[in-house]
Each structure stands twice: as C-alpha cells, then as structure tokens.
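Okay, thanks for coming, everyone.

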Amino acid sequence: MNTRNTEILVGLFVAAGLAALFMLAMKVSNLNIYTNDQGYEVTAHFDDISGLKVRSPVSMAGVRIGQVSDIIFDGQTYEAIVKMRIESKYKTLPKDTSAAIYTAGLLGEKYIGLEAGGDENKLQDKDRIKLTQDSIVLEKLISRFVDKFIDGSDDKK
Amino acid sequence: MLNSIQQLGHSGLTFFQRLGRACVLLAHIVGGLPGMLLRFPLVIQQMYSVGVLSLLIILVSGLFVGMVLGLQGYNTLVDFGAEESLGVMVALSLVRELGPVVAALLFAGRAGSALTAEIGLMKATEQLSAMEMMAIDPIRRVLTPRFLAGFLSMPLLAAIFSAVGVLGGNFVGVGLLGVDDGAYWSQMQSAVDLYDDINNGVIKSIVFGVVVTWIAVFEGYDAVPTSEGVSRATTRTVVHSSLAILGLDFILTAIMF
C-alpha cells in the first residue's frame, strides 16, 4: 500500500467520523432547535404547571411553533410564570390566544398547546396570554373522582 | 498460609511496579506529542492500521446493535403504546453508553491487540534496541504515533458506531415494524441533548481511546521478548482494556449523568 492511498483512506475515515459526529449533532440532538431564530417572547400565568420543563415544546394545531424558555415562580400571586419563545415566522397569533398544558400520549412529556381566538390584534413581544388552563395532575383528578364516588354512595343511603 | 500472603504481597508489588512503569511510559509518550506534529505522516500511517482497518467491524456491529435495539425496544415499548419513543431509546442508549463502550471493546480487540503484538514483536526481534543503537528514541518513533493515532481514531469510531446504530434502529423500527418516521426523529431530537448526551458520549470515547491505546502500547513495550511473552501480552491487553473500559464507564456515567 503506497503512502498516497493510505492517506486517502485515512482522510476518508476522518471525514466519515466527522460526518457521523455532525449527523449526531444535527439530526439526533436538539441542536437545530437551539440555533433557530430568537423569535418573540410571550408569557402566560398558570396555577399548576407540574411536569412542564424549560425547552418543552409550544405547539399550535399540533405543530411545534416554539419552546418554553423560562419558568419562574411568582411569590406574590403564587402562580407559575411561563415564558415561551415563538418563532418569528408565526407572528400572526391573535391577542386572545389561549394556552393550555397538555400531555403528549398517556405518559409522555408535557407541552403547551395554544389555541387561536378571534381578536383582530396580534400578540406582540412580551405580551401576556391571559386565558390559560392548568396542567391536569393525575392525583388531583383521581382524588376528585374518588370524592365524587364517595359522595354519590352517601347520597344513596 | 504465610506463603499465600507472601504471594498476595508479591502480586500487589508487581501490579504497582507495572503501573508505575506504565505511568512513566505515558509521560514519555505525551512528552513526544508536540514533536509528532512535525512528523504527522507517521501518525497517518498508524491511523490507517488503527482506524481505517477497524472501520468494517465498527460499521457492521454498529448496524446490528442498532437493529437489535430497535427490535428489543419496540417489543417492550409497544406494550405501553409508546413505540413512538423508539428513536429516543435507540439514540440515548447508543450515544450515552453502547456507542463509546462497544466501540471501545471492539477497538481493544481489533486494534489494541494488533498494537501490542506489533510492538512486542519489534521488541522480541530487537528492532527497538537497534533503534536505540542508532540514537533514535523508540518510544517517540514507534509508540507516540501509535498512541496519538488511537487517541484520534477512537472518538471517530464511536461516533460512526452511534450514527450507524441510529440508522439501523431506524431501518428496523420504521422500515420493518412500522413506527412513524417523523415521530422516530422528532422525539429523538427533543429528548437527546447536544451537551448532556452527545458531548458526554464523545468525552467517554476519548477517555476510552486513551486508556485502550495506553494499555496496548505499554503491554507491547513491556512484553517479555519471547513468542510466549508476546502472546501473553496480547491477551493481557484485551482483558485489561476491556475491564478498564467497563470500570471507567461506570465511574464516568456516575459523574456525568
């Protein structure tokens, strides 16, 4: 094997290795979500966001249009303030858009689902979404169900 | 009784002596690294035998490991109705664990043993002594390029392993079992983090590359210069580097995740 062929093969090997790393970075990991344009930020207040995390998706009609950028607890109102970044190409959300926290699948991750309202005005940077619906906590749901069930059985007596 | 204690002490002392010699050798090799940049063709030669020749086994096993992960993961996940998460499972297990570890184990078997045998035979046939006679430092001329080549090749091999494995999992999951292609990739992308997962996987593979080539080069250089000694050194390389990889993997995982 002469030197030239060796060098070509090593060059191909290194290129393949770097291409694999590149593929892992771009195709497998969330890098392309990081590098997206900054978009604009809107906030929403929730009483309960359990399970929602920074970088959870924000979607509308099932399409991902942004992500949660920050979650703060407000000590005054005891609410969670969720900041989300919406990609700047989706600028036309109405002002009375409502936000709700849903679960993808039965046990999947939490995400924010937006639903458009009918307002003529559009959401701007730093605006607040006023209509929100909290995350459904399974324990609360079950306890409510159990309470109802017990009440119901009491009534019959 | 006393004899067995003595034996224990003896093997302990031998172990630490060898460890000390290995560390001195490593320092010597690392000291030669800057000079290696001037003679990079030597490294390229070694990258061919260490990296390019290991490529086939890495590609084939990466593909099959990914395909098996796809099959096994599907069978488990489908019970929970979560087969869309197959991509996450395949990618995370490959990038975090199996990519670096299995690639390093294969690397130890394929390239490490070859390095040890080569250097051991050089020693047995007194080529290394001949170099010293000509005032050429055999460590810098023979060992350093091999070490550098292993150090550079291992992360590349692990990355290729993981990438091929993800494609293999995709082939089985999407192509054969009917998982949705978009869900496979998008769930993977939202769950795999560049810094937490991929970076740490690469760091792991770099550590394994250093350890495996270090052990291989040391065992060859330290081999008893007979045919039996070389064969024992080769065996020791594979055994010790496999143990070191698995042990270090545990420690690194405990630190990283």
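**Helices, a sheet and an interface**

So, let's begin with chain B, which reads α-α-α-α-α-α-α-α-α-α along its sequence. That's 10 helices and zero strands. Before I go on, keep in mind that this is a predicted model.

In terms of dimensions, the C-alpha atoms of chain B fill a box of roughly 65 × 55 × 30 Å along the principal axes. Chain B has 257 residues, and 44% of them are buried. And if you take the contacts in chain B between residues at least 6 apart in sequence, 87% of those join residues at least 24 apart.

Now let me zoom in on one helix pair. How do H9(B) and H10(B) pack, in angle and axis distance? Helix H9 of chain B covers residues 194-222, helix H10 of chain B covers residues 227-256, and they pack at about 155° with their axes 9 Å apart. The cut-off for roughly antiparallel is over 145 degrees, so H9(B) is roughly antiparallel to H10(B). The crossing of the two, H9(B) and H10(B), is right-handed.

Who's touching whom there? On the H9(B) side you'll find, among others, B:Phe208, B:Val211, B:Ile215 and B:Glu219, and the H10(B) side includes B:Arg236, B:His240, B:Leu248 and B:Asp249. By class, the residues of this contact come out as 12 nonpolar, five polar and four charged.

Okay, over to chain A, where we get a sheet. It's an open one with eight strands and mixed pairing, in the order E7-E1-E4-E3-E2-E6-E5-E8. Strands E7 (127-129) and E8 (131-133) of chain A sit at the edges with a single partner strand each, so each has one side without a neighbour in the sheet. From one strand to the next, the twist averages 30°.

Strand E2 of chain A, residues 57-60, runs antiparallel to strand E3 of chain A, residues 63-74, over four bridges. If you want a residue pair to click on, A:Pro57 has A:Gln67 in E3(A) as its bridge partner.

Last stop, the interface. How many residues of each chain take part? It's 21 residues of chain A in contact with 26 of chain B. On the chain A side, the elements giving two or more residues are helix H1 (3-28) and helix H2 (31-34) of chain A. H1(A) has the largest share, with 14 residues.

Methods: Residues numbered from 1 in each chain as written. Chains lettered and ligands numbered in written order. Predicted model: local features only at pLDDT ≥ 70, side-chain atom pairs only at ≥ 80, totals over all residues. Contact = placed C-beta atoms within 7 Å. Axes fitted to C-alpha atoms, helices over the stretch in contact; angles between N-to-C directions. Parallel < 35°, antiparallel > 145°, perpendicular 65-115°, else oblique. Left-handed = near helix turned anticlockwise from the far one by under 90°. Nonpolar A, V, L, I, M, F, W, Y, C, P; charged D, E, K, R; others polar. Buried ≥ 20, exposed ≤ 12 C-beta atoms within 10 Å, placed from the backbone. Pairing = 2+ DSSP bridges.
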